[in-house]
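Here's a quick tour of a protein model, taken one spot at a time. Keep the 3D view open and look for each residue as it comes up.

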Amino acid sequence: MVNYKDLGLVNTRAMFKKAIEGGYAIPAFNFNNMEQLQAIIKASSELKSPVILQVSKGARNYANPTLLRYMAQGAVEYAKELGCAHPEIVLHLDHGDSYELCKNCIDLGFSSVMIDGSSLPYDENVALTRKVVEYAHQYDVTVEGELGVLAGVEDEVQAEESHYTKPEEVIDFTSKTGVDSLAISIGTSHGAYKFKPEQCTRDPKTGKLVPPPLAFDVLDAIMKQLPGFPIVLHGSSSVPQEYVDIINANGGKLPDAVGIPEEQLRLASKSAVCKINIDSDSRLAFTAAVRKVFADKPGEFDPRKYCGPARDLMEELYKHKITDVLGSDGKLAQC
Ligand code: G3H
Ligand code: 13P
Ligand code: ZN
């Protein structure tokens, strides 16, 4: 049993409170490999932003859970080396799907876990979430629960259709479970194809898809029920068209990929939405950079020569998200 406090990590409680009061959101970036982690830490440290490092079940299977935890521990030291004397780094389990998985992460040194019971019947979601909270809170680990279903298909997260969170359920859910934050469904979804072309309109000038707006009325109704309660948005990649274009121009095939416009995320960040999850944009940046190197230099076979540019592009992306979308730059309690 390792306690996250001994690793220099923090939980989400104080950072969410400060983010809601300050009208910004904390970036929650997924990582699966060293280059992503380096880019996240470099961007957040240089910009003095708190940050949430997210590990999914798929990431654990890909990289090994113990190794990921040591990487996060190393990330704290790296942030200090980069000049952040008091980094605020959360190690968070993304989309935990069982009590055992959440417990294992807590025992390994995670400072925050998500238990995603959103696909279960309501009462089962409450019971499972409550059980995780009871274990986590013994160690001061914070817990994210979810109500409502996001559409999207990925390795570990699958749903055909989205169902918005019902505002009339949120008080009952948060009081019965004791969760520290609530992930909601208001029209975001996982992956690079967030909307079907028939749900969008097309920009007549560019021919690109324009997605429907998020359900801010549902968010407002939830915030009315739970004033000041930390709200989380999953599925918040914007699917930058410049990356999609680079990928498609260099042998890729991502037709009609579409994400959430950044202006809408900026707006959400000013509300009680205090954690915004971004994974796909980083995957797109990585892939765009690698495809470009392979197309320009077919003889290249040193992984540092294509993973290096991928890392640089991800760092640029994370800096842009922190500064221009979430507004968390300069928000460390102590520098
Ligand atoms: O919300 C899901 C994250 O993007 C993680 O995806 O399960 O493919 O690692 P993954
Ligand atoms: P994206 O697929 O939009 O990046 O969402 C990531 C996410 O919600 C991780 O939990
Ligand atoms: Zn998610």
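## Asp180 and its partners

Let's start with Asp180, whose side chain makes a polar contact of 2.8 Å with the side chain of His137. The side chain of Asp180 also reaches the backbone nitrogen of Val143, again at 2.8 Å. Keep in mind that this is a predicted model.

Where does Asp180 sit? You'll find Asp180 in the loop between helix H7 (170-177) and strand E8. Asp180 counts as buried because its relative accessibility is 15%, and the cut-off for buried is under 20%. Asp180 and Val143 are 37 residues apart along the chain, yet their C-alpha atoms are separated by 5.4 Å. Setting aside residues up to four places away in sequence, Asp180 touches Arg13, His137, Val141, Thr142, Val143, Phe229 and Pro230.

## Two serines in loops

Now for Ser49, found in the loop between helix H2 (34-46) and strand E2. With 4% relative accessibility, Ser49 counts as buried. The side chain of Ser49 makes a polar contact with the side chain of Ser328, at 2.7 Å. If you skip the neighbours within four places in sequence, the residues in contact with Ser49 include Pro27, Ser44, Ile322 and Ser328. Asp329, Gly330 and Leu332 are also among the contacts of Ser49.

Ser118 is in another loop, the one between strand E4 (112-115) and helix H6 (122-137). Is Ser118 buried or exposed? Ser118 counts as buried, since its relative accessibility is 15%. The side chains of Ser118 and Asp116 are joined by a polar contact of 2.5 Å. Beyond the neighbours within four places in sequence, Ser118 is in contact with Asn125, Glu146, Gly148 and Val149.

Helix H1 covers residues 13-22, and its buried residues include Met15, Phe16, Ala19 and Ile20. They sit on the same side of H1, because they cover an arc of only 130° around the axis. Here's a handy bit of background: an α-helix has 3.6 residues a turn, so residues three or four places apart point the same way.

What's on the face turned away from the buried side of H1? That face carries Ala14, Lys17 and Glu21, which are exposed. Back on the buried side, the cover includes strands E1 (26-30), E2 (51-56), E3 (89-96), E8 (181-184) and E12 (273-278). After H1 comes Gly23, with a positive phi near 70°.

Tyr243, Val244 and Ile247 are buried in H9. They cover an arc of only 100° around the axis, which means they are on the same side of H9.

Which helices do the buried residues of H9 pack against? They pack against helix H11 (280-296) and helix H12 (303-326). Just after H9 there's Gly251, which takes a positive phi of about 95°.

## Around ligand 2

Next, look at ligand 2, which is surrounded by 17 residues. The closest are Asp94, Lys194, Ser237, Asp279 and Ser280. An oxygen atom of ligand 2 is 2.7 Å from a polar backbone atom of Ser280.

How much of ligand 2 does the protein bury? Taken alone, ligand 2 exposes 310 Å², and the protein buries 98% of that. Strands E3 and E12 are the elements that give two or more residues to the shell around ligand 2.

## Cysteines without a bond

One last thing to check is the cysteines. A disulfide is a covalent bond between the sulfur atoms of two cysteines. How many disulfides does the model have? With a cut-off of 2.5 Å between sulfur atoms, the count comes to zero.

Cys105 is in no disulfide, and its nearest cysteine sulfur, that of Cys102, is 6.9 Å away. Cys105 is buried, with a relative accessible area of 0%. For Cys274, also in no disulfide, the nearest cysteine sulfur is again that of Cys102, at 19 Å. Cys274 counts as buried too, at 0% relative accessibility.

Methods
Residues numbered from 1 in each chain as written. Chains lettered and ligands numbered in written order. Predicted model: local features only at pLDDT ≥ 70, side-chain atom pairs only at ≥ 80, totals over all residues. Heavy atoms only, no water. Buried < 20%, exposed > 50% of the residue type's maximum accessible area, 1.4 Å probe, protein only. Helix = DSSP H or I, 4+ residues; strand = E, 2+ residues; numbered from the N terminus. Arc of directions from axis to C-beta. Contact = heavy atoms within 4.5 Å. Near = heavy atom within 4 Å. Polar contact = N/O pair within 3.5 Å; in protein donor to acceptor, adjacent residues only side chain to side chain. Areas by Shrake-Rupley, 256 points an atom, 1.4 Å probe, with all protein chains shown as cover.
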